[in-house]
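Please describe this protein model, from its overall layout to its strand pairings. Keep it short and tied to the coordinates.

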Amino acid sequence: MYELKAVHKRYGLAKVALRKIDLTVRDREFLVIYGPAGAGKSTILNILAGITRPTSGDVRRDGVSILRVPPERRDAAMAFENYALYSHLSVGENLAFPLRARGLGAAEIASRVARISGILGIGHLLDRRPGLLSGGQRQRVALGRAIIRPADIYLLDEPVGHLDAKLRHKIRAELKALADDLSATVVFTTTSSREALALGDRVAVLNEGRIEQAGTPEELYHRPANAFVASFVGDPPMSFLSVAPRREGDRIAFATPGGMPVAALPARAVESLRDEPGSRIQIGFRSNEVRLAGPDDPGTLRGRVDVVENLGYVKIALVGIGEDQVSVSFPASRHLSVGETVAIAFPRDAVHLFQNARAIAHAAPYA
Ligand SMILES: Nc1ncnc2c1ncn2[C@@H]1O[C@H](COP(=O)(O)OP(=O)(O)OP(=O)(O)O)[C@@H](O)[C@H]1O
């Protein structure tokens with residue numbers, strides 16, 4: 001188990017890359033660090049590898065500080081987005097290099113090179129020099145060189161970022177299977193929600209040097225801790241509607257500024273909602289949790305279609321409702337035009353409630 005304890009990292013005098021973060025990497029887990037560009041993902045990997053020293057805080061391996069252990073004694077295998085390959089060696093020799101350095105026999109090396117190059121689809125490139133490869137091919141060789149050898153921890157920094165969608169999909173699946181097969185401990189960074197949800201046993205959402213939430217993909221998707229996670233995990237992002245609460249017996253009803261009720265939750269489910277004038281209360285829901293309704297359906301909200309996105313198997317409409325814009329998925333066979341007025345029906349209880357961007361309640365079935 002690796003632990004970052006209150007790790008703070010400042011570059012130079014002013015740039016704070018990590019803000020006192022706590023993060024655990026459990027043995028044999030596939031941990032994804034997911035965040036926008038510049039969030040601090042690479043800095044975490046470099047600190048785990050020992051290449052970068054935290055400004056303050058501690059890094060522990062099984063409870064013992066490894067701050068003073070140099071990178072070469074940490075047994076971390078790294079693959080970077082900007083693949084550094086040996087240009088004077090062929091692809092096959094690049095892959096074999098970490099194995100030779102560990103004194104493996106020729107037969108063992110040949111079999112591992114064949115297996116890894118097969119998985120990554122670079123078997124036909126083994127005799128080529130890196131200078132003659134495309135960016136995506138070089139990235140696969142760099143990934144192969146990192147995962148070909150046994151290591152205590154694999155640190156993979158956006159290792160499939162340069163690949164086209166189809167190859168990315170394939171290698172993602174192979175990588176996950178390989179990691180499971182080897183019972184490897186992997187920390188993988190990405191800026192893709194889809195990749196984070198697909199690969200991670202757990203996902204840590206990083207934003208401006210802070211961990212917003214760490215949990216299983218299901219936890220992050222169904223029980224986001226705050227509005228940032230809710231709108232960053234999942235595609236399309238969660239939509240929000242500003243509402244005002246009102247007590248109705250043993251329930252709290254939430255209605256839009258126009259007075260249309262969109263949700264009602266049991267009072268005990270929203271106990272942490274503070275009675276604070278001026279605070280921002282929002283109902284969150286995913287595009288598949290609402291539906292387009294007929295104009296005469298009761299309890300619907302009317303909005304104007306701003307954008308229609310066709311994903312092939314389904315379409316997503318972005319609908320403006322007052323100051324808010326919400327996404328609604330609907331069958332691909334249906335036609336909607338920009339500017340059209342539509343009615344949206346809400347499941348009154350399957351929603352998420354936020355106050356000042358903090359999650360207050362996740363109603364059934366997510367509670
Ligand atoms: N050596 C450095 N000197 C100064 N600032 C740095 C240095 N390395 C990183 N930074 C800054 O620290 C912040 C975090 O950088 P980091 O590379 O860890 O982010 P990231 O999440 O990996 O981003 P990306 O997805 O773009 O690779 C960024 O604002 C970056 O500009």
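## Overall layout

The protein has eight helices and 22 strands. The model is predicted, not experimental. Its C-alpha atoms fill a box of roughly 75 × 50 × 35 Å along the principal axes. Of the 367 residues in the protein, 37% are buried.

## Two domains

The protein divides into domain 1 (2–227) and domain 2 (239–362). Their centres, taken over C-alpha atoms, are separated by 38 Å. Six residues from domain 1 and six residues from domain 2 make up the contact. On the side of domain 1 that touches domain 2, three residues are nonpolar, two are polar and one is charged.

## Nonpolar core

How many residues does the largest nonpolar core have? It has 91, and Leu-48, Val-187, Val-205 and Ile-283 have the most contacts inside it. Domain 1 and domain 2 each contribute at least three residues to this core.

Val-205 shows what such a position touches. Neighbours within four places in sequence are left aside here. Val-205 is then in contact with Tyr-34, Gly-35, Ile-211, Glu-212 and Gln-213, and also with Leu-220, Val-229, Phe-232 and Val-233.

Leu-48, another of the residues with the most contacts inside the core, lies in helix H1 (residues 41–49) and is buried. Also buried in H1 are Lys-41, Thr-43, Ile-44, Leu-45 and Ile-47. Just after H1, Gly-50 takes a positive phi of about 90 degrees.

## Ligand shell

The ligand is surrounded by 13 residues. The closest are Tyr-11, Ala-37, Lys-41, Ser-42 and Thr-43. Lys-41 and Thr-43 are also among the buried residues of H1.

Which element supplies the largest share of the shell around the ligand? H1 does, with three residues. Strand E2 (15–25) and H1 each supply at least two. By class, the shell has four nonpolar, seven polar and two charged residues.

## The open sheet

E2 also belongs to an open sheet of four strands, in the order E2-E1-E4-E5, with antiparallel pairing. E2 and strand E5 (64–65) stand at the edges; each has a single partner strand, so one side of each is left without a neighbour in the sheet.

Strand E4 (residues 56–61) runs antiparallel to E5, and two bridges join them. Arg-61 has Val-64 in E5 as its bridge partner.

Strand E17 (residues 300–310) and strand E18 (residues 314–321) run antiparallel, joined by six bridges. Val-307 stands opposite Leu-318 in E18. Three residues lie between the strands of this hairpin, where Gly-312 takes a positive phi near 95 degrees.

E18 also pairs with strand E19 (residues 324–331), in the antiparallel sense and over eight bridges. Ile-316 has Ser-329 in E19 as its bridge partner. The hairpin of E18 and E19 has two residues between the strands, and Gly-322 takes a positive phi near 55 degrees.

Strand E15 (residues 281–285) and strand E21 (residues 352–355) run antiparallel, with four bridges joining them. Gly-284 has His-352 in E21 as its bridge partner. Ile-283, within the range of E15, is one of the core residues with the most contacts.

E21 also pairs with strand E22 (residues 358–362) over four bridges, in the antiparallel sense. Here the bridge partner of Gln-355 is Arg-358 in E22. Which residue takes a positive phi in the hairpin of E21 and E22? Asn-356 does, near 45 degrees, in a hairpin with two residues between the strands.

Notes:
Residues numbered from 1 in each chain as written. Predicted model: local features only at pLDDT ≥ 70, side-chain atom pairs only at ≥ 80, totals over all residues. Pairing = 2+ DSSP bridges. Buried ≥ 20, exposed ≤ 12 C-beta atoms within 10 Å, placed from the backbone. Core = buried A, V, L, I, M, F, W, Y, C linked by C-beta atoms within 7 Å. Domains from an automatic or database assignment. Contact = placed C-beta atoms within 7 Å. Near = placed C-beta within 6 Å. Nonpolar A, V, L, I, M, F, W, Y, C, P; charged D, E, K, R; others polar.
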